[in-house]
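Let's take a guided walk through a protein structure, one step at a time. Have the sequence and the 3D view ready as you read.

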Amino acid sequence: MKERRIHTPEGVRDIYGSECVRKNHLSERMKNVLNSYGYRDIQTPTFEFFDIFNQDKGSLPSNQMYKFFDREGNTLVLRPDITPSIARAVSKYFNEEIFSLRFSYTGNVFINNSSLQGRMKESTQMGAELIGDDSVDADAEMIALSIHMLLAAGLKDFQIDVGHVGFFKGLIKETGMDEERAQELRELVENKNFFAVEALTDNPAMIQLPRLFGSKEILEEAKCLTANEESLEAIARLERLYEIIEGYGLGKYVTFDLGMLSQYEYYTGVIFRGYTYGTGDAVVKGGRYDHLLQKFGKEAPSVGLVVVVDELLIAMTRQKLEMEERESIIMILYEEERLMDALKKANALREKGNCVQMNRMDMRMTMNDYVEYAKRFDIETIYCFENCGEVKFWEVNP
Amino acid sequence: MRYLTFALAKGRLAKKTLSYLEKMGIEMEEMKDPDTRKLIFVNEELKIKMFLSKASDVPTYVEYGAADIGVVGKDTILEEGRKLYEVMDLGFGKCTMCVCGPESARDLLKHQQLIRVASKYPNIAKDYFYNKKHQTVEVIKLHGSVELAPIVGLAEVIVDIVETGTTLKENGLMVLEEICPLSARVVVNQVSMKMENERITGLLNELKNVL
């Protein structure tokens with residue numbers, strides 16, 4: 001038997017039907033929020049030179065990227081992340097700009113992660129970058145934007161967890177420990193391994209660090225634990241950040257985690273993650289990365305966010321959150337001789353903003369078959385133009 | 001209140017963990033029945049669900065949030081390399097990850113020779129030889145009775161868990177190098193830790209007290 005080519009490779013998939021409608025709706029609503037904050041869309045290429053994403057600029061190990069060669073033998077990479085591309089584009093086109101720049105994007109990213117772990121290799125990201133602004137106001141804007149995007153998507157139960165890498169960096173300097181121990185401690189803190197951290201250090205702030213997450217009271221607590229300037233500055237910034245977010249009226253969505261140290265080399269200040277029920281991973285990630293653009297030749301402190309659209313969609317499905325608007329389609333069914341009448345009707349309906357699909361009647365099919373078909377494809381109304389007689393009208397209840 | 005779901009690695013670890021949980025007042029009656037065919041157990045009063053799974057699957061359940069909390073050996077955590085919070089060392093199930101082989105193989109570990117290493121833990125073996133010893137090796141994945149490999153000549157050495165060393169001794173093998181100590185650990189899903197912070201930290205503190 002001839003092999004039927006119907007399979008997709010592992011890690012990629014087709015998205016169709018109501019899922020596709022939902023995904024597009026979700027993206028559209030979140031994009032409207034981005035635009036409402038003055039963010040301009042930008043599109044960068046799907047693949048770029050390897051150098052754009054290499055270790056010191058990206059956040060992904062090289063062996064998890066899809067690489068290939070161009071005709072000259074340059075190594076190309078399917079983008080695993082969009083932020084470095086934007087950093088490159090901005091450094092190129094807006095090198096002289098002294099004021100801040102706001103960009104938003106939507107696109108698919110490709111990560112060649114290990115097989116058979118139930119993780120997709122192609123996924124959709126939507127994000128924003130605020131470039132050339134090092135103020136705490138910019139940090140707050142990014143977090144407010146994340147909250148508004150999730151609310152627009154229809155999510156109700158979620159929290160944005162905010163940390164600041166400066167607190168941990170300050171403590172490391174304070175204790176004066178060597179690189180290797182600092183690394184070990186970082187892993188333990190990141191793992192929230194309270195008891196092991198206790199065994200490794202006697203610095204009171206460090207011992208408490210894995211527990212320093214929760215509502216804003218932990219900032220007060222943290223302040224009393226240490227006296228080093230860098231750590232206190234980090235706390236002061238988070239406190240100011242919270243005030244501003246309360247100014248947006250969004251305080252209740254924000255919590256803090258001073259032990260959040262993931263991608264610690266990449267982020268330079270505030271970092272945040274958005275969590276909700278129904279998914280084991282963050283749906284929003286972001287933070288301040290002040291040194292990335294410098295690597296492309298522009299000195300510009302920046303802060304960004306990314307919404308993991310597919311993860312968000314999964315979470316919303318599991319939480320059984322309906323998206324109210326559904327695309328209803330009208331079907332016009334006609335016998336060949338009535339095509340002109342049917343067209344007129346279709347035009348009129350479309351002008352009024354309806355979605356109309358035309359089907360020429362197949363005489364071998366009964367009306368019942370068409371009703372079943374309509375049910376399968378979320379068609380709510382059928383107009384039927386038969387050779388003789390009035391136009392018939394059906395409401396299909398799924 | 002939502003259910004908190006526990007994933008326990010089948011066998012000794014689960015038994016021990018259950019006895020500690022019982023001391024904390026978390027009883028799972030149905031789980032004590034050795035003949036039960038049920039896969040998941042519920043304590044409606046405390047809103048706790050619990051299931052047993054193959055050890056190597058525990059980190060997977062927890063990473064994806066299918067379970068909020070897991071109890072599993074450090075060996076499995078290292079081998080699987082999942083994104084989890086590894087919050088506590090339970091201190092039981094202690095053993096050591098070792099490189100073992102016949103005395104004659106000791107010399108092979110001293111030079112940059114390409115040797116064959118059989119293991120149930122290919123990732124741990126690779127990490128140890130490549131990143132710690134900087135020796136290039138060929139790792140052969142086996143699923144059980146790894147001690148056979150050096151005896152029948154499938155590999156020069158093995159990487160495996162050693163508890164008492166009896167099996168090794170009876171087969172003319174010995175520990176050549178120690179890789180790391182192991183024991184049972186509590187792992188928590190990263191989202192659950194945040195969304196159910198109070199309940200989970202409360203449980204962990206209680207657990208610490210009964211240990």
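Predicted model: local features only at pLDDT ≥ 70, side-chain atom pairs only at ≥ 80, totals over all residues.

Residues are numbered from 1 along each chain as its sequence is written, chains are lettered from A and ligands numbered from 1 in the order in which they are written, and side-chain values use heavy atoms, leaving out hydrogens and water.

Chain A has 13 helices and 16 strands (DSSP runs numbered from the N terminus, with at least four residues of H or I for a helix and at least two of E for a strand). Its C-alpha trace spans about 90 × 55 × 50 Å along the principal axes.

Now look at the meeting place of the two chains. Here, 24 residues of chain A are in contact with 23 residues of chain B (contact means heavy atoms within 4.5 Å). Three salt bridges link chain A and chain B (a side-chain nitrogen of Lys or Arg within 4 Å of a carboxyl oxygen of Asp or Glu). In one of them, B:Lys194 pairs with A:Asp161, with the closest N and O atoms 2.6 Å apart.

Which elements of chain A each supply at least two residues to the side that touches chain B? They are strand S7 (158–164), helix H7 (194–200), strand S8 (213–214) and strand S10 (270–276). The largest share, three residues, comes from S7(A).
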